[in-house]
Amino acid sequence: MAIKLLMRWDIRPEKESEYFEFLVHEFIPALNRLGVEDILVWYTAYGDVEQKLAEGVVPSEEKMHEILESEDWIIVTDKLQSFVVDYDLKAIQANNGFQI
């Protein structure tokens, strides 16, 4: 059963340039190396919700546990959190539709 990883956060205003460089050149490639596929990142233009929503899919619950417990995951998410606030993460059973 595929598992979807959902992450949300707000970008620290003083870190926007560095954040975008990190997202493109480090964060997304790191998720790919860890085995996260079909990565999508959305920007919220209106409303009182997190500024960013990111998702990716892994093939199984076992693989998700392996990723979330890995040193590489800890390193990349720690670095992400230096650029963002209100970081949240959850893993759910994946389906073909939009999930939050």
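Which element of the chain has the lowest mean pLDDT, and which the highest?

1. Strand S2 (residues 37-43) has the lowest, at 92, and helix H3 (residues 71-81) the highest, at 98. Here pLDDT is the predictor's confidence in each residue, from 0 to 100. Helices (H or I, at least four residues) and strands (E, at least two) are DSSP runs, numbered from the N terminus.

2. This is a predicted model: local features need pLDDT of at least 70, side-chain atom pairs count only at pLDDT 80 or more, and totals for chains, interfaces and linings use all residues. Residues are numbered from 1 along each chain as its sequence is written, and side-chain values use heavy atoms, with hydrogens and water left out. The chain's mean pLDDT is 93. Of its residues, 98% reach 70 or more.

3. Four strands make an open, antiparallel sheet, ordered S2-S3-S1-S4. Two strands pair if DSSP finds at least two bridges between them. S2 and S4 (84-93) each have a single partner strand, so one side of each lacks a neighbour in the sheet.

4. Look at S1 (residues 3-11) and S4. Eight bridges join these antiparallel strands. Met-7 stands opposite Leu-89 in S4.

5. Two helices deserve a look. Helix H1 (residues 16-34) packs on the sheet and touches S1, S2, S3 (52-58) and S4. H3 also packs on the sheet, touching S1 and S4. Contact means heavy atoms within 4.5 Å.

6. Asp-38 lies in S2, and its phi is positive, near 50°. Asp-86 lies in S4, with a positive phi of about 55°. Asp-38 is exposed (over 50% relative accessible area; buried is under 20%, partly exposed in between; 1.4 Å probe, protein chains only), at 57%. Asp-86 is exposed too, at 52%.

Terms used. Axes fitted to C-alpha atoms, helices over the stretch in contact; angles between N-to-C directions.
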